[in-house]
Amino acid sequence: MDKIAIDSALAEVRQAQRVLVAFYQRVKDIILLMRTELGVEHSYWGSQQFNMPGTSGNDLIHPQRWSWDALPMADVVFQHTRDGNWSSKLPVAQMLEIRLITDDVFIVHGKGYDPSPTTMPSVTESETYLEITVYQVERTEGDDWGNHWSITKGRIQSVSDLPVGLDTGDGWQVYRQRLDFGQLSDKASVVDMMATLKQKLAELGFDGISHGR
């Protein structure tokens, strides 16, 4: 690769980073507005398909580390409860997750997919979207909230494989909805969509979160 080609490639990297930051700023505004409209507070956030870069003591450039791990916002989940507290003693526990999937090529191919950026399908063949999941679990004495996909001890299995829509089981129910970024073009669109979501949750019996602010 000659110097002109390298300079052009590095300019694309710089431009890509600036586009990502602008995109993350937009995502942040959307999620903060969703929290406000739904009346929930942050409890946890973490990556799904990738490992988080970690702290200064974590060797990010070790040969066994995945290069995609340097992109922690590529597929992340933000978890919320009514008060931001995992140890709520309410008889019915609720959690709301907002998942950002910037490129669903990883979702389509599943875990273990380790592509080179130069051999991946065209970006026009994959999608970017938000996924909202609301969990409601009847608490029993001794139940404890976990994090990630584990809700209470063994009460919900294979949660990440649940379909879009409503799924129920013994003492629990989950509602999942996918939101296209094209539907979130401005503040009014987000507010209207959250109002519709709250109404849907009320109809399905998710009483706490459906009350909103």
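This is a predicted model: local features need pLDDT of at least 70, side-chain atom pairs count only at pLDDT 80 or more; totals for chains, interfaces and linings use all residues.
Colleague: What percentage of the residues in the protein chain is buried?
Modeller: The protein chain has 213 residues. A residue is taken as buried when its relative accessible area is under 20%. The buried share of the chain is 39%.

Colleague: In what pattern do the helices and strands follow along the sequence?
Modeller: The chain has four helices and six strands. Read along the sequence, their pattern is α-β-β-β-α-β-β-β-α-α.

Colleague: What span does helix α1 reach from its first C-alpha to its last?
Modeller: Helix α1 covers residues 3-38, which is 36 residues. At 1.5 Å a residue, 52 Å is expected. The span in the model is close to that, at 52 Å.

Colleague: Which residues of α1 are buried, and which residue follows the helix?
Modeller: The buried residues of α1 are V27, I30, I31, L33, M34, R35, E37 and L38. The residue after α1 has a positive phi, near 70 degrees. That residue is G39.

Colleague: Which residue in the hairpin of β5 and β6 takes a positive phi near 85 degrees?
Modeller: Strands β5 (residues 165-169) and β6 (residues 172-180) run antiparallel and are joined by five bridges. G165 stands opposite R176 in β6. The hairpin has two residues between its strands, and the residue with the positive phi is G171.

Methods. Residues are numbered from 1 along each chain as its sequence is written. Side-chain values use heavy atoms; hydrogens and water are left out. The expected span of a helix is 1.5 Å times one less than its number of residues. Buried means under 20% relative accessible area, exposed over 50%, partly exposed in between (1.4 Å probe, protein chains only). Two strands pair if DSSP finds at least two bridges between them.
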